[in-house]
Amino acid sequence: MTPTNRRATSGLLAFLAWRGLRSSPLTLVVLVGAVAAGVAFQVPNTANILGYEAEMLEQGVKCGFGDVRLYPRRSRRIEAAKATMTRVRATPGIHAVDAILILPAAIGHEGHFQSVAALAVDSPDGRQPFRLVEGRLLPPGDREGILVGRALARRLGVGVGDKVELRVVFGRNDLDEDVGRYRLTVRGLFAGTFTVCATDTIVVDRRFVAGELGDPEATDMLLVYSDDPEGAGALAARLAGAFSSLDARSWTEDSALLRSAIHGSAAVAASSTAMVLVAVGLPVAALLYIQSINRRRQVALMAAIGIGGAEIFIVFFLQALFVGLTGIALGCPIGYGLVRYFRAHPIFEMEQFVLRPVLAARTFVWPALTVLAATLISGVYPAWRAARIDPAEILRRGT
Amino acid sequence: MNEAEVLRAEGLTRVLGEVTAVAGVSLTIAAGEWVSLVGPSGCGKTTLLQMLGLLDRPTAGQLRLAGVDPWKGTVSARTLLRRERIGFVFQGNNLIEYLTARENVALPAWRLLGSRGAALAAADGLLDRLGLSARADTRAALLSMGEGQRVASARALVNRPQVVLADEPTGNLDKASGEIVMAALGEVCVTGSALLVVTHDVGVAARANRTLTMSDGRILDR
């Protein structure tokens, strides 16, 4: 067969497929509607799930404890923390490193105290392990300022500019009551759900607290930001190799809650995709199968006039392809509209955790491809049945 | 096989379940010959026609079409033989109902020639000869029985086959329509093709060069 003939034959098969589909408008509408509905559902669903994951990673990694966390392997605190931090910052692929000292503390206002975790932070690269929502950051070496989690501030009844009491338990050796007492000004409020929790955490300057502790280099952990959450495992392995005294953990190893939440989200996405595939695939398969049964005589006639079994398969398979592509073409704009709606009206909003659907190419590509695949797979069996019709039997029986 | 022979069957047998529909039929059809096949309903005429048209595999016996044993070839080779060398007119509902008359006629030619334009031109010529130009763009489902059978005849002829196999082509037609159909089918013999017509119509059978009578799956006389 010459290329021209092949093109002409392809045109003939496409013509037969299209005319066959068009001959039953109601079936065509239902078929396309099923695919379009699947895409229109799956696009905002994917966008929301991507948005949920992105927000979790934003809070837990990018505006949280970073992609990799470095802990001392044997000692209580990181030894030679300043030099170590400098070396870590020089590692390729790392955008920022924070030094963190965590101490138990209590914050009080008007006589009411609440126990909190005091996060003493040193951010030479300007990357904070929290999201500031009000006020301003602490200037380096600030001895009089404090940042308070917004939920905690609400509970205490304090706002930016208010004075609070802070008690920090230093817990140095041989001291039963080794508590620092400070009166600080609330410089800002921060939000956070994962790793840094706005309900029971305060932030102070590390150099100030470390100075009070008597160990200017005191650092419990280094937070490493590479802005590549998926590559965190590899980066952790590299850092573990380079720094034998440190225990390097990727965010997936270090944050069970975040990891579980992401896994849960992926599981929800997978089961949702599976449900959509079934919801699209079954009716499409059923309708195409019924069509192939109803058209047995037509198929037998095609075979009799010299259209081969493989070509008959292609005719029916092309019908599935037409249905899939048309359904996607209709479903994507509907899905886009729904994504826009959910961006304006998020389905989940708590404190600073706002689920904003992700509007990106993959929001459309993945649902479109999965639904198209479901449609094509659904078309295989009906097409195969049509191609295997025995024309003699059908023409002998008359149906 | 004689050069003039288009079709030769030797001992063709077809068993359907426990019934022997065709029992050891031997026949030859020469180029340009019109053969009528008559016999009571259920005697195996349609089954024989389907075997001769390569739609049904014989249980036993041999068949040669233009010197070739089609059942020794591949499925694709038989499809090609049907496309190039055989024209069919079936009983009753005979057209792809969602296509127009013109498209139905053009379909085998489009597949054979690989050109939609040439196929439609050939279809237009045939429909014109059969008095159906005005109905060319009518969907097959909306054609009358007579019109449908004429369109089916045109489709059988569009690829200038070596043999035309027609199963009761005038069975449901009025006399005038039947005449048009048989005149068109009969013309193939003038151009050297063979025509085998299964019919109950004595008038149609009488126009043939030869009439074969079938009973209980066998050909009784020649």
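This is a predicted model: local features need pLDDT of at least 70, side-chain atom pairs count only at pLDDT 80 or more; totals for chains, interfaces and linings use all residues.
**Ground rules.** I noted that residues are numbered from 1 along each chain as its sequence is written, and that chains are lettered from A, and ligands numbered from 1, in the order in which they are written.

**Chain A, overall.** I looked up 12 helices and 12 strands in chain A, where helices (H or I, at least four residues) and strands (E, at least two) are DSSP runs numbered from the N terminus. The radius of gyration of chain A is 31 Å, whereas a compact globule of 399 residues would have one near 21 Å; this radius is taken over C-alpha atoms, and the globule rule is 2.2 Å times the number of residues to the power 0.38. Along the principal axes, the C-alpha atoms of chain A fill a box of roughly 100 × 45 × 35 Å. I also noted that 52% of its 399 residues count as buried (under 20% relative accessible area, with a 1.4 Å probe and protein chains only).

**Chain B, overall.** For chain B I found 7 helices and 9 strands. Its radius of gyration is 17 Å, close to the 17 Å that the globule rule gives for 222 residues, so chain B is as compact as a globular protein of that length. The C-alpha trace of chain B spans about 45 × 35 × 35 Å along its principal axes, and 56% of the 222 residues count as buried.

**Helix pair α10 and α11, chain A.** I then turned to α10(A) (residues 309-344) and α11(A) (residues 361-387), which pack at an angle of about 155° with their axes 8 Å apart; axes are lines fitted to C-alpha atoms, for helices over the stretch in contact, and angles run from 0 to 180 degrees between N-to-C directions. That angle makes α10(A) roughly antiparallel to α11(A), a term for angles over 145 degrees.

**Helix α9, chain A.** Lastly I checked α9(A) (residues 296-304), which is mostly covered, with 8 of its 9 residues buried, among them R297(A), Q298(A) and V299(A). After α9(A) comes G306(A), which has a positive phi near 100°.

Methods. Side-chain values use heavy atoms; hydrogens and water are left out. Angles under 35 degrees count as roughly parallel, over 145 as roughly antiparallel, 65 to 115 as roughly perpendicular and the rest as oblique. Buried means under 20% relative accessible area, exposed over 50%, partly exposed in between (1.4 Å probe, protein chains only).
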